[in-house]
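Thank you all for coming.

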Amino acid sequence: MDKTKRVSFLCCFGIKTNGLSVKLLSRSFPLNQNQPLHVIIAMTLQAFHGSACCFRSHLLHFSSSTASSPPFLASRRFQSCPSTRKSLKLNCSSSGNNGDQVKAYSIPGTGEKAKDPIFGLAMGSGSQATGDRFRWFCVESGSADNPSVILIHGFPSQAYSYRKVLPVLSKDYHVIAFDWLGFGFSDKPQPRYGFDYTLDEYVSSLESLIDELAATKVSLVVQGYFSPVVAKYASIHQEKVRNLILLNPPLTAQHAKLPPTLSIFSNFLLGEIFSQDPLRASDKALTSCGPYKMKEEDAMVYRRPYLTSGSSGFALNAISRNMNKDLKRYVEDMQTILKDKNWKVQTTICWGQRDRWLSYDGVEDFCKDSNHKLIDVPTAGHHVQEDCGEEVGQLIRGIISKRTKI
């Protein structure tokens, strides 16, 4: 049995001045004493590698700076994707390979440096918008000559949640997963300094990102509370979406409210403190909504952004507030979109029946009324791709392959 030691870590607002940090709270958890944290993260990301495919990861860089890149990735400039189908050459290994950069979603504002809302001090680089474009972390697998499938994680999660799905789909498709702004290893600018984490902004930023990732029609797979955002994008760009697959989306009026585990991050002061705690922001948020039991190596990947910068907590706090404010409107909009007779996008809903956040009541009725196929996944919870990754991959593959042939 490997020796472990208790390693204390400091969660802070990311406020730094003259080398000092403002301490909020501290916790401890086991780490392998013989390996630095960035090596552990790089090794766990290798879990993406499947025996049937070559996995690549990518930092879509929307600026020339690499200061806040994950330690296992270096970056270089890459102009926007050409119209011909070409691999994005998204690479990753523990030794640190080059990634590529593309341009998308302009950063608005004056370029003023972000300051913390309490003390007015300049914040760390993780909370700053870099250059004139945002950086997105993405992973890619499969041949770029095949039809494109984009996997979109929920709230709160990362592209890493699809690590078991990518190898299944990449046999026949060009698969890309990404971290939303504010999550994982993508940019997390301080609210009011370029990105406020509103649902409307997420729709606009998704449009810009997909324009860079795919030149032709794509199939979109989205999980959880970001489903209404993706449905809104699809309604605006039906001509670009071949399939829309929703994994445990908030479909009914009962679903239009965040569960206490997530809504607490929006609370004044208490939410700001809890959002800086990796064990609450990642571990509890991922494991309290279903049967998912997280392995330590996976937990380290999810904790990593919260361990390295307070910007992740600030983003989580802002997103939670906006979700509480606008989720009801977006769920109602999604209901209207999916029931519209002019809706042309082939839509399927996959439902993990052990979801502790979203009730199954009303889901069957909604799918019947909207004439969309419903596929039950009995052993999965809210994060379907975590509980039954390979099974979900096969389901997605079957859905897309049938409709590609039609």
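Predicted model: local features only at pLDDT ≥ 70, side-chain atom pairs only at ≥ 80, totals over all residues.

Ser 157 sits in the loop between β7 and α2, where helices (H or I, at least four residues) and strands (E, at least two) are DSSP runs numbered from the N terminus. With 5% relative accessibility, Ser 157 counts as buried, a word I use for under 20% relative accessible area, with exposed meaning over 50% and partly exposed in between, for a 1.4 Å probe and protein chains only. Leaving aside residues up to four places away in sequence, Ser 157 touches Phe 183, Leu 286, Tyr 302 and His 383, a contact being heavy atoms within 4.5 Å.

Residues are numbered from 1 along each chain as its sequence is written, and side-chain values use heavy atoms, with hydrogens and water left out. The mean pLDDT, which is the predictor's confidence in each residue from 0 to 100, is 75 for the protein, and 67% of its residues reach 70 or more. Over residues 1–106 the pLDDT is below 50, although this stretch has 268 contacts in the model beyond near neighbours in sequence.

Back in the loop between β7 and α2, which is also the place of Pro 156, the peptide bond from Phe 155 to Pro 156 is cis, with omega near -10°.

Now to strand β7 itself, residues 148–152: five of its five residues are buried, so the strand is largely enclosed by the rest of the structure. Ser 148, Ile 150 and Ile 152 point one way from β7, while Val 149 and Leu 151 point the other way. Which strands pair with β7, if pairing requires at least two bridges found by DSSP? Five bridges join β7 to β8, residues 174–178, and the two run parallel; five bridges also join β7 to β9, residues 218–223, again in parallel. Ile 150 stands opposite Ile 176 in β8, whereas Val 149 has Ser 219 as its bridge partner in β9.

Turning to the packing, a nonpolar core here is a set of buried Ala, Val, Leu, Ile, Met, Phe, Trp, Tyr and Cys residues joined through side-chain atoms within 4.5 Å. The largest such core has 64 residues, of which Phe 155, Trp 180, Tyr 202 and Leu 220 touch the most other members. Helix α9, residues 311–339, gives the most to this core, with eleven residues. A second, separate core of 33 residues includes Phe 137, Leu 247, Tyr 292 and Ile 396. Leu 220 has contacts, beyond residues up to four places away in sequence, that include Ile 150 and Ile 152, as well as Val 230 and Tyr 233. Those last two, Val 230 and Tyr 233, are among the buried residues of α4, a helix spanning residues 227–236 that is mostly covered, with eight of its ten residues buried. The buried residues of α4 pack against β7, α3, β9, β10 and α9.

What about the aromatic rings? Rings of Phe, Tyr and Trp (its six-membered ring) pair if their centres lie within 6.5 Å, with planes under 30 degrees apart counted as stacked, over 60 as edge-to-face and the rest as tilted; by this rule the count comes to 15 aromatic pairs. Phe 178 and Trp 180 form an edge-to-face pair, 5.3 Å centre to centre with 80° between the planes. The rings of Tyr 225 and Trp 357 have their centres 6.5 Å apart and their planes at 45°, so this pair is tilted. Tyr 225 lies in the loop between β9 and α4 and Trp 357 in the loop between β11 and α10, so the pair ties together parts that are 132 residues apart in sequence.

Two residues other than glycine have a positive phi. Tyr 197, with phi near 65°, is buried at a relative accessible area of 0%, whereas Asn 371, with phi of about 60°, counts as exposed at 70% relative accessibility.

Definitions and conventions:
Pairing = 2+ DSSP bridges.
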